[in-house]
Amino acid sequence: MSVEMNENINVAIVGYGYIAKYWEKAILMNGKMNIVGIYDKNISTNITGHSFYKTLSNLIDDDRIKRA
């Protein structure tokens, strides 16, 4: 699947530990990527703003994530 130059890319984060919070900030500041989901088996439910998945298979099934 090709991505047009003006089209934002939808991505997911796998694992939401200490470093992932910096990745999240960098992705959001980029302006060309959208975080459509975050997978972490130990995710806290008090975090808002993204879709969170407790199983990797549910994240992978999200059609908003672009696959090459």
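## A buried aspartate without a partner

Aspartate 40 is buried, yet it forms no salt bridge. Its nearest side chain of opposite charge belongs to lysine 21, 7.2 Å away. The model described here is predicted.

Where does aspartate 40 sit? The residue lies in the loop between β2 (33-39) and β3 (52-53). Leaving aside residues up to four places away in sequence, aspartate 40 touches Gly15, Tyr16, Gly17, Tyr53 and Lys54.

## The salt bridge

Side chains of opposite charge can pair when their charged atoms come close. How many salt bridges does the model have? The count is 1.

Arginine 64 and aspartate 62 form a salt bridge through their side chains, with 2.7 Å from N to O. Is aspartate 62 buried or exposed? Aspartate 62 counts as buried because its relative accessibility is 9%, under the 20% limit. Arginine 64 has a relative accessible area of 40%, so it is partly exposed.

Which residues make the nonpolar surface patch? They are Tyr18, Ile19, Tyr22 and Trp23, and the patch covers about 550 Å².

Isoleucine 19 is one of these residues. Helix α1 (residues 18-30) holds isoleucine 19. This isoleucine is exposed because its relative accessible area is 52%, and exposed means over 50%.

Methods: Residues numbered from 1 in each chain as written. Predicted model: local features only at pLDDT ≥ 70, side-chain atom pairs only at ≥ 80, totals over all residues. Heavy atoms only, no water. Patch = residues over 30% accessible without salt bridge, like charges linked within 9 Å, V, L, I, M, F, W, Y side chains within 5 Å. Areas by Shrake-Rupley, 256 points an atom, 1.4 Å probe, with all protein chains shown as cover. Salt bridge = Lys/Arg side-chain N within 4 Å of Asp/Glu carboxyl O. Helix = DSSP H or I, 4+ residues; strand = E, 2+ residues; numbered from the N terminus. Buried < 20%, exposed > 50% of the residue type's maximum accessible area, 1.4 Å probe, protein only. Lys, Arg positive; Asp, Glu negative; His and termini not counted. Contact = heavy atoms within 4.5 Å.
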